[in-house]
Each structure stands twice: as C-alpha cells, then as structure tokens.
Amino acid sequence: MSDDFELDTDDLKRRMDGAMANLRTEFASLRTGRASASMLEPVMVDAYGSPTPINQVGTVNVPEPRMVTINVWDKSLVGKVEKAIRESGLGINPQLNGTIIMLPIPELNEERRRELTKVAGQYAEHARVSIRNVRRDGMDQIKKAKADGMSEDDQKFWEAEVQELTDTMIKHVDEALETKQAEIMQV
C-alpha cells in the first residue's frame, strides 16, 4: 500500500499559483501615481441591493496618464459610485460631470509612497502565509501516508518535493514584491 502513495503536487502547485494570482491582483490595485482601471477593482458599489464591482455599473476608461473616468450607465447609481470611491481609501477625490465620474490621480508624495510599499509588503506576507498553508497541507498528507506504512525514504523524497515547490513560490512572491516596491518608489 505504501508504494501506491502519489502526492498530488499539481494540486499543491495550482493552489500556490492561486496565491500568486491573488497577490498580482492586489498589487494591481495599488496606485503607483499612474492611472489604471485595475485600481478600482477592489471598490464595490451598493447597486440594486448587493455589492457590485464598479466595472459592472459603468464603463471605466483611462483617457490620459493621470485620469480615470467612469461612465455610469444608470443615473440613479452615480451618487453611490461616487460614495464608494470616496470611502474606498484610494485617496482619490471624484469629480462629477453628469453621468461621468472623473478621477484625477494626484502625484504621490514620499510619505504616501512609503505607506504603499508597506501595504505591498503586507500583501506579499499574506501570499507567503497562503503558500505555507498549502505546504502544511501537503506535509500533512505525507505524514498520514507515513502512518499508513510509507517508507522513510519516500517520506523524505515527498517532503523535499513539497519544500522545493514552496521555496520556489516564496521566491516568486519576493521578486514580485521587490518589483512592485521599486515601481511605487519611482518618481
């Protein structure tokens, strides 16, 4: 029975890749001084009784490097979209022009850049924790198989596989964090 054990490393890798994808999404929402439609992804609008992403209540455009516009489709939602942006913590002051909401992106000052690098660090730490949780799940599967009669050599082999995968993914997180922090601090 012990020779039949096959750890699903593809599943572990897929779950770790999910943590990386989530980190990339969180990094995309961090402002770097340039306008991007993705910075509005975490903002939810209370539309029709349920939280709705902004891109589902209007068209998000980036007409120039320091401006994002939202053309809200339903006039009754303009106020709610504006309120959601103000309360989102993005530090952007929306300006109304009929059903179009303009978001001028202010220049980042040094203090705000440092805050954003700390936030990026927190996002990266959450990703590392997620990856380590996946590693723990893999190690638990190996321990269970060991209790069921797996040989010690097989146990060491699978533990080394899981650890190598974990180290690789954590390295990717660290590289992504360095890149994002350099991007934030760039004036």
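Helix α3 has 38 residues and spans 55 Å from first C-alpha to last, close to the 56 Å expected at 1.5 Å a residue (the expected span being 1.5 Å times one less than the number of residues). Helices here are DSSP runs of H or I with at least four residues, strands are E runs of at least two, and both are numbered from the N terminus. This is a predicted model, where local features need pLDDT of at least 70 and side-chain atom pairs count only at pLDDT 80 or more, while totals for chains, interfaces and linings use all residues. Residues are numbered from 1 along each chain as its sequence is written, and side-chain values use heavy atoms, leaving out hydrogens and water.

Now look at what sits against α3 (residues 110-147): the axis of α1 (residues 9-29) comes within 9 Å of the α3 axis and crosses it at roughly 170°. Axes are lines fitted to C-alpha atoms, for helices over the stretch in contact, with angles from 0 to 180 degrees between N-to-C directions. The two helices are therefore roughly antiparallel (over 145 degrees). Contact means heavy atoms within 4.5 Å, and the α1 side includes Leu12, Met16 and Phe27, meeting α3 residues among them Tyr123, Ile131 and Val134.

On to the sheet: four strands form an open one in the order β3-β4-β6-β5, with antiparallel pairing (strands pair if DSSP finds at least two bridges between them). β3 (58-64) and β5 (95-97) are the edges, each with a single partner strand, so one side of each lacks a neighbour in the sheet. Three bridges join β5 to β6 (residues 100-104), and Leu96 stands opposite Ile101 in β6. Helix α2 (residues 78-86) lies across β4 (67-72), β5 and β6, at about 15° to β6.

Definitions and conventions: Parallel < 35°, antiparallel > 145°, perpendicular 65-115°, else oblique.
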